[in-house]
Amino acid sequence: MGFWSLVVSRWNNILESTGEHILIVVAAVCVAVIVGVALGVVITYWRSLAGPVLYFCQVVMTIPSLAMLGLLLPVFGIGYKTGVATLILYSLLPIVRNTYAGIQGIDPAIIEAAKGMGMRETTILRRVKLPLAWSVILAGIRTAVVMIIGIAAIASYIGAGGLGEFIFRGISQWNLQLVLLGAVCVSLLAVLADGLLKRVEGRARR
Amino acid sequence: MAHRRTRVKSWLPVLLFIGGAVAAAVYFVENPGSAMAARVLTYDHLATLAAQHVGMVVISSLLAAATALPLGILISRPRLRLLGLVLENLVNIGQTIPSIAVIALSFTVLGLGFNTAIFALWLYSLLPILRNTYAGIISVPPGVREAAVGMGMRPWRILLRVELPLAFPIIMAGIRTAVVVNVGTATLATFIGAGGFGHLIVTGIMVRRLQLLLSGCILSALLAMLCDHLLGMVEEKVKTSA
């Protein structure tokens, strides 16, 4: 019963933290989509760059998120900036990789046909390649979003706000209910975001 | 992706990662930068933290493999196909749950300490191994299995000589993912009092000492890259021999 009364009494608090959490995740994903899709497209033209770029993103992924937050902390300082920068870095790999794979996976005959119709390369990219690769890119965005919702919770430790604050405050005050609240909210957010984006993905595939 | 060169994994990066970690440790102990950091950055303490971190990862990964492999084999049996589908969906949902939430939830149940961290890490690394074991065995073509039956192989022999060898590269990939994620999650174990390199990072953030912060970040990042590379080498060896 204690848990539900906590939820009721902290309702405004929960909404505010959830809003903050969603805000930093969305901000990071927006930047990561612009940078990641551009980078993914660029490496389909300069093939020799593809290996190094994908390898770099892979290395970033192996670095523990707390370590990455710590490494960027001296650069961006305490607060949401470090958090957003970290989230952008981590969401790059799935987006770059899927953009690249999505465009590479298009049947060359389709691109030949577009060329034969007299389309310019920029038109092909805008009207043929990106629309066809879109569902694969969306899958990458979903992976990224689910992952950085979790990392954003860790970023609360360096003052980025969000639902992780319940967890860290709960641990330091030995308030188990508060820890539980934070963990449940973050998990729900991740599961819901995954479901929502899966639905968007399914619609894009049709 | 056919055009991508298969990069042969060598021992060189292994030496680089280990050498880098030792060099970083020596550098930070010899140049702590401040009296407060000097108290934390001693060889003894770093060795303890390294042992805690590696210990957590190794114990929880071994336990996870020991539970997930049999379970994955079990749910891939045709008789339990329905259970397999249900568990597969559960695992997919479970994988979207953030690592910090798993640590926090374990803390609410088991309290502070090393064992709680082991439990959380075990639980979290179960999922990728379980999923890949199941997917690997399911992906064995039915024709191959039928051929084995036709040769008069018993179910146990089919499992050991046909299904598992064919599924092994996929299972290995799951173990690699699990271990690398595990190294990262183990840095969070310091929040529930289990030590590890995360201790240096968190202390560094709290007392605002760059040397502490960087030592923890560099050591944990190098450990993750080392594990990734070593298991990548195993994966490659498995793939070429299969």
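The legends below describe close-up views of a predicted two-chain model, chains A and B.

Residues are numbered from 1 along each chain as its sequence is written, and chains are lettered from A in the order in which they are written. Because the model is predicted, local features need pLDDT of at least 70 and side-chain atom pairs count only at pLDDT 80 or more, while totals for chains, interfaces and linings use all residues.

**View 1. Chain A is helical throughout its secondary structure, with 9 helices and 0 strands.** Helices (H or I, at least four residues) and strands (E, at least two) are DSSP runs, numbered from the N terminus. Along the sequence the pattern reads α-α-α-α-α-α-α-α-α. The C-alpha atoms fill a box of roughly 70 × 40 × 20 Å along the principal axes. Of the 206 residues, 45% are buried. Buried means 20 or more other C-beta atoms within 10 Å of the residue's own; exposed means 12 or fewer; partly exposed lies in between; C-beta atoms are placed from the backbone.

**View 2. Chain A meets chain B through 32 residues from chain A and 33 residues from chain B.** Two residues are in contact if their C-beta atoms, placed from the backbone, lie within 7 Å. On the side of chain A, two or more residues each come from α3 (47-62), α4 (65-76), α7 (121-155), α8 (164-172) and α9 (176-205). The largest share, 10 residues, belongs to α9(A). By class, this side has 22 nonpolar, 9 polar and 1 charged residues. Here Ala, Val, Leu, Ile, Met, Phe, Trp, Tyr, Cys and Pro count as nonpolar, Asp, Glu, Lys and Arg as charged, and the others, Gly among them, as polar. The model scores ipTM 0.86 and pTM 0.87.

**View 3. The largest nonpolar core has 133 residues.** Such a core is a set of buried Ala, Val, Leu, Ile, Met, Phe, Trp, Tyr and Cys residues joined through C-beta atoms within 7 Å. A:L87, A:I148, A:A152 and B:I103 have the most contacts inside the core. Helix α7(A) gives the largest share, 17 residues. Leaving aside neighbours within four places in sequence, A:L87 touches A:I24, A:V25, A:A28, A:I148, A:I151 and A:A152.

**View 4. B:I75 sits in helix α3 (residues 43-75) of chain B.** B:I75 is buried because 22 other C-beta atoms lie within 10 Å. Not counting residues up to four places away in sequence, B:I75 contacts B:L80, B:L83, B:G84, B:L87 and B:Y134. B:F28 is 47 residues apart along the chain, and the two C-alpha atoms are separated by 49 Å.

View 5. Most residues other than glycine have a negative phi. A:W174 is exposed because it has 10 other C-beta atoms within 10 Å. B:R208 is partly exposed, with 13 C-beta neighbours inside 10 Å.

**View 6. Residues 1-6 of chain B have pLDDT below 50.** pLDDT is the predictor's confidence in each residue, from 0 to 100. Beyond near neighbours in sequence, this stretch has 2 contacts in the model. Where pLDDT is low, the predicted coordinates should not be read in detail. Over chain B the mean pLDDT is 88, and 95% of residues reach 70 or more.
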